[in-house]
Amino acid sequence: MSNETLTITDNRTKKTYEVPLFKGAVRAMDLRQIKTDAEDFGVMSYDPAFMNTASCQSSITYINGDKGILRYRGYPIEQLAEQCTFLEVAYLILFGEMPSETQLKDWVREITHHTMIHENIKKFMDGFHYDAHPMGMLVSTIAALSTFYPDAKNIQDAQVRRLQILRLIGKIPTIAAFTYRHSLGLPYAYPDNDLSYTENFMSMLWKMAEPKFAANPALARALDILFILHADHEQNCGTNAMRSVGSSFADPYVATAAAAAALSGPLHGGANEEVLKMLDEIGHVDRIPAFIKQVKGGKGKLMGFGHRVYKNYDPRARIIKQAAEEVFKVTGKNPKLDIAIALEQIALHDEYFIKRKLYPNVDFYSGIIYQAMGFKPEMFTVLFAIPRTVGWLAQWQELLQDPEQKIARPRQIYTGYEKRDVVPMAKRTPCKN
Ligand code: ACO
């Protein structure tokens, strides 16, 4: 296409500027030349929540929010969820291509080799209070890994980076399972390297006195699918934290801890836990209209509904709904499902939600499945963080290899006082605070 530029007229000075378009975007730095005079700083862009700002170029995940499309490295999420395993998808996300049979075998062996954690990490985890939230324990323990692997600081070395990636993907289910056992006061169950990634995780969670844990294959597969669906989602709040912290060349453990901290919020990955609380609060199908009325009146949100990018159905929610059927065949139906389905139907036909393009997101049904599988609601966001670690690490690698990236350092529009002088204590009057 020729003439990929914008012509901007500054009505303050009547000057005209021709600004190139880069892949359909304006480079914010090209606006800086627009000044009223030589002293002027120049025009900046203002976008507090990144509503219309691309912070990077990425070839990992493609989303078309209007059409409800999600692809990893070009492959539709529906095909990946149906035909692949989580570790196969992890390889694809991290390295850009599907593994061959031998590559996959080697990859699974490498990850499995890193599932054990240092005994001192176990001791560190023992120090958490009995009722500590598992997400708080997970975030802190991931950050603590940084102190166990000082070599991780050498982030410019590709081999060192690869080793930390293996360690993080291998160890995060172990740490996650230990947070769960800790909260129940149960002894930790060590990894069983004969099992698949999800089966081993289930074993570390639920193994009691039996010599070998036998996971239900349908439940292990459902968890694998849920992990595939959560593995990456381009530049969301958590990934942005990973990139922002990673851009200072901090090691991948503290950067992953920052990303997990961002994920823990109720507007992000913490929403799945909130959905369950909301369904409990509603309690019965008959009380849905009153609840919807309350939300429309501005009292709270319908948790698990709405998305910054998807303004059509979230494709992950559709796959999760199918996976739920398989889980319920084994576990029996979660009684909350009836409330959730009725709530979804009422919301989808309500003018308020239609007008704002609010649809169920990934978190709406995931919590219901997790609960049916035996997870406590406090574990839901931890279950999100395990697979998302793969996406965070792929994004981190991409950031470090991108010659355009520098330390993330936004500008601000200062709204405070002009210069003023300190008044001596005796002359100050109490301020309002
Ligand atoms: N329930 C009721 N109203 C809602 C909801 C909701 N779940 N979500 C958005 N709205 C309303 C807003 O109040 C706003 O209304 P207004 O125009 O009258 O002011 C309008 O819809 C637009 O919403 P925004 O908050 O501007 O949308 P934004 O893109 O900033 O937020 C978000 C997206 C945070 C996901 C929001 O929809 C939300 O809070 N949802 C509930 C929490 C949730 O489920 N989060 C998980 C998201 S998926 C994930 O992170 C993994």
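Some ground rules. The model is predicted, so local features need pLDDT of at least 70, side-chain atom pairs count only at pLDDT 80 or more, and totals for chains, interfaces and linings use all residues. Residues are numbered from 1 along each chain as its sequence is written, and side-chain values use heavy atoms, with hydrogens and water left out.

Helices first. Helices here are DSSP runs of H or I with at least four residues, strands are runs of E with at least two, and both are numbered from the N terminus. Two packed helices are described by the angle between their axes and the distance between the axes. The axes are lines fitted to C-alpha atoms, for helices over the stretch in contact, and angles run from 0 to 180 degrees between N-to-C directions.

Start with helix H2, residues 86-95. How does H2 pack with helix H17, residues 380-400? The angle is about 15°, and the axes are 9 Å apart. H2 and H17 are therefore roughly parallel. On cut-offs: under 35 degrees is roughly parallel, over 145 roughly antiparallel, 65 to 115 roughly perpendicular, and the rest oblique. The crossing of H2 and H17 is right-handed. Right-handed means that the near helix is turned clockwise from the far one by less than a right angle; anticlockwise is left-handed.

Who makes this contact? From H2 come Phe86, Ala90, Ile93 and Leu94; from H17 come Pro387, Val390, Gly391, Leu393 and Ala394. Contact means heavy atoms within 4.5 Å. Sort the residues of H2 with H17 by class and you get eight nonpolar, one polar and no charged. Nonpolar covers Ala, Val, Leu, Ile, Met, Phe, Trp, Tyr, Cys and Pro; charged covers Asp, Glu, Lys and Arg; the others, Gly among them, are polar.

Stay with H2, and turn to helix H3, residues 101-112. The axes of H2 and H3 come within 10 Å and cross at roughly 100°. That makes H2 roughly perpendicular to H3. On the H2 side are Leu87, Glu88, Ala90, Tyr91, Leu94 and Phe95. They meet Gln103, Leu104, Trp107, Val108 and Ile111 of H3. The classes in this contact of H2 with H3 are nine nonpolar, one polar and one charged.

H8 brings Ala218, Leu219, Ala222, Ile225, Leu226, Leu229 and His230; H13 brings Arg316, Ile319, Ile320, Val327, Val330 and Thr331. The contact of H8 with H13 divides into ten nonpolar, two polar and one charged.

Now single residues. Back in H17 we find Thr389. Is Thr389 buried or exposed? It is buried, at 1% relative accessible area. Buried means under 20%, exposed over 50%, and partly exposed in between, with a 1.4 Å probe and protein chains only. A polar atom of the Thr389 side chain lies 2.7 Å from the backbone oxygen of Ala385. Beyond neighbours within four places in sequence, Thr389 contacts Leu168, Ile172 and Thr256.

Next, Asp314. It sits in the loop between helix H12 (288-296) and helix H13 (315-331). Asp314 is buried, with a relative accessible area of 1%. What does Asp314 touch, not counting residues up to four places away in sequence? Pro360, Asn361 and Val362.

Two loop residues have a positive phi without being glycine. For Lys14, phi is near 70°. Lys14 lies in the loop between strand S1 (5-10) and strand S2 (15-22), and it is exposed at 63%. For Glu234, phi is about 45°. Glu234 lies in the loop between helix H8 (217-230) and helix H9 (237-246), and it is partly exposed at 23%.

Last stop, Pro20, in strand S2. Pro20 is partly exposed, at 41% relative accessibility. Pro20 and Glu4 are 16 residues apart along the chain, and their C-alpha atoms are separated by 6.1 Å. Leaving aside neighbours within four places in sequence, Pro20 contacts Glu4, Thr5, Ala25, Val26 and Asp30.

Notes. A polar contact is a pair of N or O atoms within 3.5 Å; within protein, one must be able to donate a hydrogen and the other to accept it, and residues adjacent in sequence count only if both atoms are side-chain atoms.
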